[in-house]
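Please take a moment to look at the sequence and the model before I describe them.

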Amino acid sequence: MKSKTGKAIMDFINEDRVYKVVQLFKDGNTNVQAVAEMCGFHDVKTFRETFKRKMQMPPKQYMIKLQEK
């Protein structure tokens, strides 16, 4: 996988999950725990860390930015 994408398998999977989370947030879903679980994250702490690493901000802050638009 890494030779084809340049990413480890878990990084690739987590990027896809975060992409799905962003789409759910844009669709109006605001329950962080529910959205995380819908996208395959079973631990909210891990979800928040993964989201922040990818999006450079925590999920709540991202939702606030979406609402400001």
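Of the 69 residues of this protein, 28% count as buried, where buried means under 20% relative accessible area, exposed means over 50%, and partly exposed lies in between, using a 1.4 Å probe and protein chains only. The model is a predicted one, in which local features need pLDDT of at least 70, side-chain atom pairs count only at pLDDT 80 or more, and totals for chains, interfaces and linings use all residues. Residues are numbered from 1 along each chain as its sequence is written, and side-chain values use heavy atoms, with hydrogens and water left out.

Let me begin with the overall fold. The protein contains five helices and zero strands, giving the pattern α-α-α-α-α along the sequence. Helices here are DSSP runs of H or I with at least four residues, strands are runs of E with at least two, and both are numbered from the N terminus. Along the principal axes, the C-alpha atoms fill a box of roughly 40 × 25 × 20 Å. Among contacts with a separation of 6 or more, 45% come from residues 24 or more positions apart; a contact means heavy atoms within 4.5 Å.

Which residues of helix α5 are buried? In α5, which covers residues 59-68, they are P59, Y62 and M63. Viewed down the axis of α5, these buried residues fall within an arc of 100 degrees, so they line one face of the helix. The arc is taken from the directions between the helix axis and the C-beta atoms. As a general point, an α-helix has 3.6 residues a turn, so residues three or four places apart point the same way. The buried residues of α5 pack against α2, α3 (32-38) and α4 (44-55).

Two further residues deserve attention. N14 belongs to helix α2, residues 9-26, and counts as buried because its relative accessibility is 14%. Leaving aside residues up to four places away in sequence, N14 touches F41 and T50.

T50, in turn, is located in helix α4. Is T50 buried or exposed? T50 is buried, since its relative accessible area is 7%. With the same exclusion of residues up to four places away, T50 touches N14, V18 and F41. Finally, T50 and K7 are 43 residues apart along the chain, and their C-alpha atoms are separated by 15 Å.
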